[in-house]
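This briefing is intended for a reader who has the sequence and the model at hand. Please consult both while reading the points below.

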Amino acid sequence: MRIAMIGGGYVGLVSGACFAEFGINVSVVETNPTRLSALREGRIPIYEPGLDALVASNSQAGRLTFGDDIAEAVAGAAAVFIAVGTPPRNGDGAADLQYVHAAARQIAEALTGYAVIVTKSTVPVGTSRRIAEIIRATRPEADFDVASNPEFLREGSAIGDFMRPDRVIIGLDQKRPERAAQAEAVLRQVYRPLASSEATLLFTGLETAELTKYASNSFLAMKISFINEMADLCEKLGADVHELARGMGLDTRIGRDFLQPGPGYGGSCFPKDTLALSRIAQEAHSASRLVETTVQVNEARKAGMAGRIASACGGSVAGKTVGVLGLTFKPETDDMRESASIPILHRLAEAGATIRAFDPVGMDAAKPLLPEGVVYCADALEVADQADVLVVLTEWNIFRALSPNEIAKRMRSGVVVDLRNIFDPQAMRAAGLTYQSVGRP
């Protein structure tokens with residue numbers, strides 16, 4: 001079997017490499033010359049643990065190829081996956097579908113036989129049917145079906161998520177049962193290797209599949225905002241948010257995941273998808289107040305973190321050195337999209353702070369987004385040198401191993417604001433540090 005993957009970004013590259021690992025021949029189409037050159041040379045333009053080895057082995061085996069010719073990739077493919085970007089549209093938060101629509105037109109011109117056109121990109125409800133309209137208008141004689149197959153990959157663990165998924169959701173045009181059955185047969189063959197893992201393949205209608213991605217991410221974002229508000233309440237009442245989260249998470253109806261307090265969610269999915277779902281609900285004249293409030297709560301939390309740091313410094317960071325551990329929105333990725341570090345560091349710089357920062361893999365991506373005066377350090381301990389306050393923004397594991405005594409020796413004023421709760425409060429205070437965390441006594 002051969003498939004085409006239109007788009008060599010995060011979703012397209014990870015998905016393409018994993019499909020190739022299944023034994024499928026995958027042609028990845030990437031039109032960005034710089035990215036395409038890197039992929040052909042075996043250089044992975046994104047950071048994802050294990051992806052470089054997966055791409056290298058499958059490229060060497062001949063199952064994974066990269067090019068910029070859609071016609072060549074699509075010709076003879078049983079399925080064509082669209083995995084191009086759908087960034088938020090300026091002004092209203094709705095997904096920008098120009099790249100999806102352009103891909104649909106190019107695919108239509110390239111089709112040589114029957115194929116299932118599958119949307120991997122996160123798209124609003126109705127997009128799959130719009131893709132079908134575009135293809136029919138471009139090539140009325142084309143033989144194809146459309147499907148929606150949203151991805152649920154977590155940055156930092158994407159390969160494991162793809163290979164051992166909780167579920168695979170595939171939306172088909174259930175208004176045309178015979179055509180849906182034909183498309184289902186193709187996609188069952190694509191995902192056949194997952195049968196041994198007993199992963200659930202859930203076939204739904206197109207609209208349901210498209211909406212499920214937004215609903216899932218918005219619900220998880222809501223859990224994060226909820227536990228952040230509970231952390232604030234714990235601080236007021238002397239409770240421990242970690243014990244509270246454990247007490248909640250042991251209830252199987254709630255679950256343990258996404259109950260870790262912090263400075264607010266970020267990344268490529270949650271901020272974009274909550275905004276998009278709010279817009280979808282508005283256009284459908286259906287209230288989505290919980291999602292809208294989640295967006296507002298998260299933005300307010302990010303903005304308020306700089307104030308928390310200033311309060312720990314006696315009310316002002318003017319003329320003080322702030323050491324920052326971690327810049328990316330989460331560990332095990334170099335993704336800076338919507339990272340809490342961006343608004344926090346800009347506010348600190350505007351308030352007169354000197355900022356020293358270290359991130360294991362994210363500093364190159366961070367530099368264009370952060371204040372010009374940020375000093376980027378060679379390692380985590382260098383960040384602490386002569387710092388008045390040390391701030392933890394990303395919970396990289398290497399930071400957990402830092403010695404409280406060594407931190408205390410290097411700092412000018414031993415104030416630590418741990419916004420990810422990675423350190424032991426007793427050990428930090430025993431080293432003479434003034435330690436603050438989130439939602440803990």
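The notes that follow treat helix packing, nonpolar cores, salt bridges and cysteines in turn.

This is a predicted model, in which local features need pLDDT of at least 70, side-chain atom pairs count only at pLDDT 80 or more, and totals for chains, interfaces and linings use all residues. Residues are numbered from 1 along each chain as its sequence is written, and side-chain values use heavy atoms, with hydrogens and water left out. The structure holds 22 salt bridges, and a search of the whole structure finds zero disulfides.

- Helices (H or I, at least four residues) and strands (E, at least two) are DSSP runs, numbered from the N terminus.
- Buried denotes under 20% relative accessible area, exposed over 50%, and partly exposed in between (1.4 Å probe, protein chains only).
- In helix 13 (residues 341–350), the buried residues are Ser341, Ile342, Ile344, Leu345 and Leu348.
- These buried residues of helix 13 pack against helix 12 (289–312), strand 9 (321–325) and strand 10 (354–358).

**Nonpolar cores**

- A nonpolar core is a set of buried Ala, Val, Leu, Ile, Met, Phe, Trp, Tyr and Cys residues joined through side-chain atoms within 4.5 Å.
- In soluble globular proteins, nonpolar side chains tend to be buried together.
- The largest nonpolar core comprises 58 residues, and Leu327 and Leu348 have the most contacts inside it.
- Helix 12 gives the most to this core, contributing five residues.
- A second, separate core of 45 residues includes Ile3, Val118, Val168 and Ala183.
- Leucine 348 touches Ala306, Ile309, Val317, Val322, Ala353 and Ile355, when residues up to four places away in sequence are not counted; contact means heavy atoms within 4.5 Å.

**Salt bridges**

- A salt bridge is a side-chain nitrogen of Lys or Arg within 4 Å of a carboxyl oxygen of Asp or Glu.
- Aspartate 385 forms a salt bridge with arginine 410, with the closest N and O atoms 2.9 Å apart.
- This pair links distant parts of the chain, 25 residues apart: aspartate 385 lies in the loop between helix 15 (380–384) and strand 12 (389–392), and arginine 410 in helix 17 (residues 404–410).
- Aspartate 385 counts as partly exposed because its relative accessibility is 27%; arginine 410 is partly exposed, at 26%.
- Arginine 410 also meets glutamate 406 in a salt bridge (3.0 Å, N to O).
- Glutamate 406 and arginine 410 both lie in helix 17, four residues apart, which is about one turn of the helix.
- Aspartate 388 forms a salt bridge with arginine 412, the closest N and O atoms being 3.1 Å apart.
- Aspartate 388 lies in the loop between helix 15 and strand 12, and arginine 412 in the loop between helix 17 and strand 13 (415–418), so the pair ties together parts that are 24 residues apart in sequence.
- Aspartate 388 counts as buried, at 10% relative accessibility, whereas arginine 412 is partly exposed, at 45%.

**Cysteines**

- A disulfide is a pair of cysteine sulfur atoms within 2.5 Å.
- The sulfur of cysteine 269 is too far for a bond, because the closest cysteine sulfur, in cysteine 18, is 16 Å away.
- Cysteine 313 is in no disulfide, and the nearest cysteine sulfur, that of cysteine 377, is 17 Å away.
- Cysteine 313 is buried, with a relative accessible area of 10%.
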